[in-house]
Amino acid sequence: MTSLLTDEARGWLGAEQTFEPWLVTRMQIAQYAHTVGITDRVHLDVGEARRAGHRDVVAPLGFHLVIRHAAPNLIPITELAEDGGSDDMTPPTAAQRRMAGETTTTFHQPIVAGDEIRLTKRIGSMEEKQGRSGPLVFVGYDLEYRREGSGDLVIAERYVRILR
């Protein structure tokens, strides 16, 4: 089997990147809720959210993707990868394509308007396998979304990127 992983790529295991805190606003939450068709008032009305026991409007499940996709991509256009995205901590390999793999998300606490969420991303695993059309590299990313100030873990996420 031809290997896509070099010693340099293997050296990326454990690499970590921490992004600037992301301030979550009521408007962002409302935009996300409307976009995905969520109408529960705890996401749109402060009074309803407070009656439900929250300090402000609550982000719907899945809102963390706004943070994940925005924070790493706030880079100058001149630094984008060939495919138009950020390099996104992709280890250097002979792979020509990046594809999405599985994602597992554990929700510990809700994200609420006014929260500053700090995203930390770490390469937790790299595994090379032989596919039908050649070698594949499965890169596992561990992401932590923590509330700035308290450091409380809000969301833990694991996603896999497949390099081919």
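This is a predicted model: local features need pLDDT of at least 70, side-chain atom pairs count only at pLDDT 80 or more; totals for chains, interfaces and linings use all residues.
A pair of aromatic rings is described by the distance of the centres and the angle of the planes. This structure has 2 such pairs, and the table lists both.

| Pair | Centre distance | Plane angle | Geometry |
|---|---|---|---|
| Y32 and F63 | 5.7 Å | 90° | edge-to-face |
| Y141 and Y159 | 5.0 Å | 25° | stacked |

Let's take Y32 and F63. Their planes stand at 90°, so the pair counts as edge-to-face, the cut-off for that label being over 60 degrees. The two residues are 31 apart in the chain: Y32 belongs to helix 2 (residues 26-36), while F63 is in the loop between helix 3 (46-51) and helix 4 (64-70). Y32 has a relative accessible area of 18% and is buried, since buried means under 20%. F63 is buried too, at 1% relative accessibility.

Now for Y141 and Y159. With the planes at 25°, this pair is stacked, as angles under 30 degrees are. Here the link runs between two strands: Y141 sits in strand 5 (residues 134-147) and Y159 in strand 6 (residues 153-163), 18 residues apart. Both tyrosines are buried.

What lies over the face of Y159? That would be R68, at 4.3 Å from the ring centre. So Y159 has a stacked ring partner in Y141 and an arginine over its face.

Another charge over a ring turns up at F138: the charged end of K129 sits over it, 5.0 Å from the ring centre.

Conventions
Residues are numbered from 1 along each chain as its sequence is written. Side-chain values use heavy atoms; hydrogens and water are left out. Rings of Phe, Tyr and Trp (its six-membered ring) pair if their centres lie within 6.5 Å; planes under 30 degrees apart count as stacked, over 60 as edge-to-face and the rest as tilted. Helices (H or I, at least four residues) and strands (E, at least two) are DSSP runs, numbered from the N terminus. Buried means under 20% relative accessible area, exposed over 50%, partly exposed in between (1.4 Å probe, protein chains only). A charge sits over a ring if NZ of Lys or CZ of Arg is within 6 Å of the ring centre and within 35 degrees of the ring normal.
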